[in-house]
Amino acid sequence: MKKTHSNINLLIAGLLTFTFGLNLAHAQTIKDNEEIVNDTIVENQDSDIYNENDYVNIGFKTIKKTEVVGAVSSIKPDEFSHQDNSQWVRSAIEGKILGVRGSDNIRGIGNALLVVDGIPGRNIDHLNMDEIEQITVLKDANAIALYGTQGRNGAIIITTKSGKASEKTAKITINQSIRKPIALPQYVGSVEYMQLFNEARANDGLAPVYSAEDIENYRPDINPYKYSDVDLYSNEYLKKYNQSTDVIAQFSGGISDARYYVNMGWNADGSLEKLNPEANRGVNRFNFRGNINFRVNKFIKSSVGVFSVVNTNRVAHVNAINQGEQFKPNGYAPLIPVYLVDSLVNPELAGQLIAANTFEDYLLGSTQAYNTNAPVANILGGGYRKYMFRTTQFNNNIDFDLGGLLKGLSAQTYLSFDFYDAYTISINNDYAVYEPTWEGNKIIALQKFGVDQKDLSENVSTRDFISRYGFYGLLNYSGTFGEDHNLNTSLIGYTNSTMFLNNSQKDKNSHLGLQVSYMFQDKLLADFSSAYVYSIKLPENNRGAFSPTLGLAYVLSEEIFIENISQIDYLKLRASTGIVNSDLSITDYFIYEQIYQNPGGYFNWADQYNNKITQLVQGANPELSFEKRKDINLGFEALIMNQLWVEFNAFNSHIVDIVTAPTTQYPSFYDNFKPYDNYNAEKFQGFELGINYKRKIGSIDISVGSNILYTKTERTVFDEVNLYEYQNKEGKPVDAIFGLEDDGFYSTSDFNPDGTLSSGQPKPSFGDSRPGDIKYIDQNNDNIIDDDDKIMIGKWNNPWTYSFNINVGYKGFNLFVLGVGQYGGNSNITNNYYWIDGNDKYSVIAKERWTPETAEQAKYPRLSASNNSNNYRTSTFWMYNNSFFKIARTQLSYSFSKRICDKIRMKNLSINISATNLLELAENVEIRQLNIGSSPQYRSFTVGLRTTL
């Protein structure tokens, strides 16, 4: 293990040294090159709302925005970084790019393919925004076809920065943040817990566990160590906020034939845990990106790049946030003050105290029942875990100008090597805990569990080690015929190989792509993009398929009858259609083969011996094939009065031949060995609308933008056998939620004196019911409440996604606000913060339970000390509206004048203050903002500085 890490370190060090050496050499030549003056980058220069010379990276190549045919949207972080200093890629995507729900779901179809510098599958969470040149979203079939099977759900293309021919430039970004939890779980204290638990047992006809005297002793100010009232979410165990620091430095420069770019960053995220800060250090991340672009000769250009991340997260073995969900307030005092131990009464205690491992004059508390399974003791005495994650990526790109063979002919190769190494370093200490014996308010005896023994060596365990190489090659031709006809063609070959630990996966997602683009007089455009895909998940005779797509565009503004309309500066209509073959939803291999299981069971003859059965568990299907996305997209984009940009797309994506093991196609006795087949189908249709308006009024610059996405889904074909039509999923939304329809609570009048349900009341099949339990509607009128009464009660996803952004600049000041929202979806409560029964800890939700006295206004069912399977299941009772709107980010910036910057020898300098998750408006905001058993959602406030030297 150590040797592997060492080799990677040597590789990184060698590449960095090589890169820095070339950078220094090229930087030195800049001083003697006068051609760079006109290319000097000016920071914070606002871009036009539309520029016909803008270029867009559409995956395997970069073209002018005016030449894009498919549904493609893009942003350039450098154009807004001075007004929105977000450092995370996902934050920049959400709300800013048309057609994206959240940060990686395009049009609601599913998680998009993430591509970084041409290589699919790389992790965008390791990137900072300052190292990104452009983010492009490919949405329709025509735009994604060249990515083969992986592109079914669309693609998000991340292009990182490379050197530009310019004078030597250094940019520094520093951000300091405080992050405060928006909401933390709230649980009742010891007295209320004991009262409520007694009530729960009484509801079940059981005797109380806690006496009135017991409950009285646990009231505040009695003795918190003898009668504990512990809340692991309190300020005693958690900080009110944690801190985060980001420092990023960029260096670039060079001449036209040799350019360099370097990005180095450090991020530190502090822990919210207050106990044992030495173990709970939090996250430290270091990242480096360096690349050089250089000309080898007149015909060959190349680039070499390296990217490396070292991420460390040091934490205690357990944490208060996770444990607080279960740790009951009256369980025991986790810390016992030494001064309460009466060693005069029991002299043996003095020796125990001398030998004990204390923490700031406290012993670690527990009980015989919990023993050393005590969370606070583990945090303080158990040692730590250090989660290490290291990524190294190496890229090489070579461009060949083959114009000597044929004018307009070129070729390109791209080679990448990625290494992902995840391992854990831990110190596993043993520790002793103590259960006190009390006499009055003094401790007269200590029962010890466990021993104090420190781990003398660090333990290393590998979690993941992945190595992957990727390669694609392009052969391109670009030619103009006459003055009106332009032809561009590209032939693409892509392959990669992945090794996970000792398991190798070759030829995964390998494919060939062909793109032919034609343009007539810069106004009529046609694009044929296709791929011949290959999948090892399918039978050998069916592993290849052809995915053709066609896109057409018409730039109407180039026509004379539009040119004469002064209000219309640019107008392009687009249409595309195509088929994308994919194996994306096929998660397993060899599902096309006939599979036997041995033993599949046993049988006995008269000899009384057990004999093995070889059983068929999966039937063969040699005709199993790809699923297909059949796509139609219609849209337009327009620039009006040089101030208003409008983009619109209507789409219909039908995904057919989805693989399943269909029940409806085979007799019932096939159930255990029915084969997989292409059967199900889903449809996604809707529209997206983006509007951006920009205007200057005197000294005030104003820009306003909004994006709207609507997606309607339907299962058009679905394999199912249901007794009742209302339970059919076919014809309903893909994300439909099925559950019971509630009818309020049972009242005392619903029961006979003997506790049985009165006549006419359907009987639940989930256990005996009592007053205060949830009542359900009998959909099929069979007088029984069971799974046959489930109906569609909602849908998981919000069909509407929308956002707006406002940016106002006045002289050096700039105010930016981004709001995002979703509407029309539902969610279902399933956690034990609300689903309280059995031996669960009681949250404050229990205060709004049903009792005979609160029957009219109760919000939640009665308490039960047993597992209540009737109340806690998917139903309309626990369904809630998941629509929301929130102010995701707001930032106030000030850029110092050129006069001041010149005095301090800086090209520019700006400072900013910003906030994230500042406000959320939702019908169920309390439910949405509360995380149970995991890290909370944060509201952060940041002070930042950006400068160019």
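Select leucine 892 first, which lies in strand E46 (residues 884–895); strands (E, at least two residues) and helices (H or I, at least four) are DSSP runs numbered from the N terminus. Leucine 892 counts as partly exposed because its relative accessibility is 38%, where buried means under 20% relative accessible area, exposed over 50% and partly exposed in between (1.4 Å probe, protein chains only). The model is predicted: local features need pLDDT of at least 70, side-chain atom pairs count only at pLDDT 80 or more, and totals for chains, interfaces and linings use all residues. Residues are numbered from 1 along each chain as its sequence is written, and side-chain values use heavy atoms, with hydrogens and water left out.

Next, select strand E32 (residues 627–640) and strand E33 (residues 644–660), which pair in the antiparallel sense over 13 bridges; pairing requires that DSSP finds at least two bridges between two strands. Isoleucine 632 has asparagine 652 in E33 as its bridge partner. Three residues separate the strands of this hairpin, and there methionine 641 takes a positive phi near 55°.

Finally, move to helix H4 (residues 190–203), where 14 residues reach 20 Å from first C-alpha to last, close to the 20 Å expected at 1.5 Å a residue; the expected span is 1.5 Å times one less than the number of residues. Buried residues of H4 include Tyr193, Leu196 and Phe197. Just after H4, select glycine 205, which takes a positive phi of about 80°.
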